[in-house]
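Have a look at the sequence and the model first, and then we'll start with a single pair of residues.

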Amino acid sequence: QVQLVESGGGLVQAGGSLRLSCAASGRTFSAYMVGWFRQAPGKEREFAASIAWSGGTTLYADSAKGRFTISRDNAKNTFYLQMNSLKPEDTAVYSCAAASFWSREPRHYRNWGQGTQVTVSS
């Protein structure tokens, strides 16, 4: 029903910024929480940030705190990940997904997008 599509990835130098978008299509989006995850080559998918859809409460991975900001536009069924002060270790495929309850575990999320590549050069 609900499909999520990421966009906004690209190549950026260390210290630069990118803003990722996740757009939901189909039925009206009503997930409890939406989040961003990333997967670097040779590593498991890891949590980056999430936000409660209705209340706006946010949760960040330690690696993202102070650099990343997650936000959402309920009316547009879209949420974002503003990434500043990017580091080479941020290089990964970033995916968005939705969960029905408060969680930072990938296994609790559904409706995964196809991902958008973020590459940070040194």
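Start at serine 7, whose bridge partner in S3 is serine 21. What you're looking at is a predicted model, where local features need pLDDT of at least 70 and side-chain atom pairs count only at pLDDT 80 or more, while totals for chains, interfaces and linings use all residues. Residues are numbered from 1 along each chain as its sequence is written, and side-chain values use heavy atoms, with hydrogens and water left out.

Strands here are DSSP runs of E, at least two residues long, numbered from the N terminus, and two of them pair if DSSP finds at least two bridges between them.

Now look at the other partner of S3. Strand S8 (residues 78-83) runs antiparallel to S3, joined by 6 bridges. Here serine 21 turns up again, with tyrosine 80 as its bridge partner in S8, and leucine 20 stands opposite leucine 81. In a regular strand, side chains alternate between the two faces of the sheet.

Next, the disulfide. Cysteine 22 and cysteine 96 form one, with their sulfur atoms 2.0 Å apart; the rule asks for a pair of cysteine sulfur atoms within 2.5 Å. Cysteine 22 sits in S3 and cysteine 96 in strand S9 (residues 92-99), so the bond ties together parts that are 74 residues apart in sequence. The torsion about the S-S bond is about 70°, so this disulfide is right-handed. Both cysteines are buried, meaning under 20% relative accessible area with a 1.4 Å probe, counting protein chains only.

What about the nonpolar core, a set of buried Ala, Val, Leu, Ile, Met, Phe, Trp, Tyr and Cys residues joined through side-chain atoms within 4.5 Å? The largest has 29 residues, and Trp36, Ile70, Phe79, Leu81, Met83 and Tyr94 have the most contacts inside it. Apart from it lies another core of 8 residues, including Phe37 and Leu59.

Definitions and conventions:
Helices (H or I, at least four residues) and strands (E, at least two) are DSSP runs, numbered from the N terminus. Buried means under 20% relative accessible area, exposed over 50%, partly exposed in between (1.4 Å probe, protein chains only).
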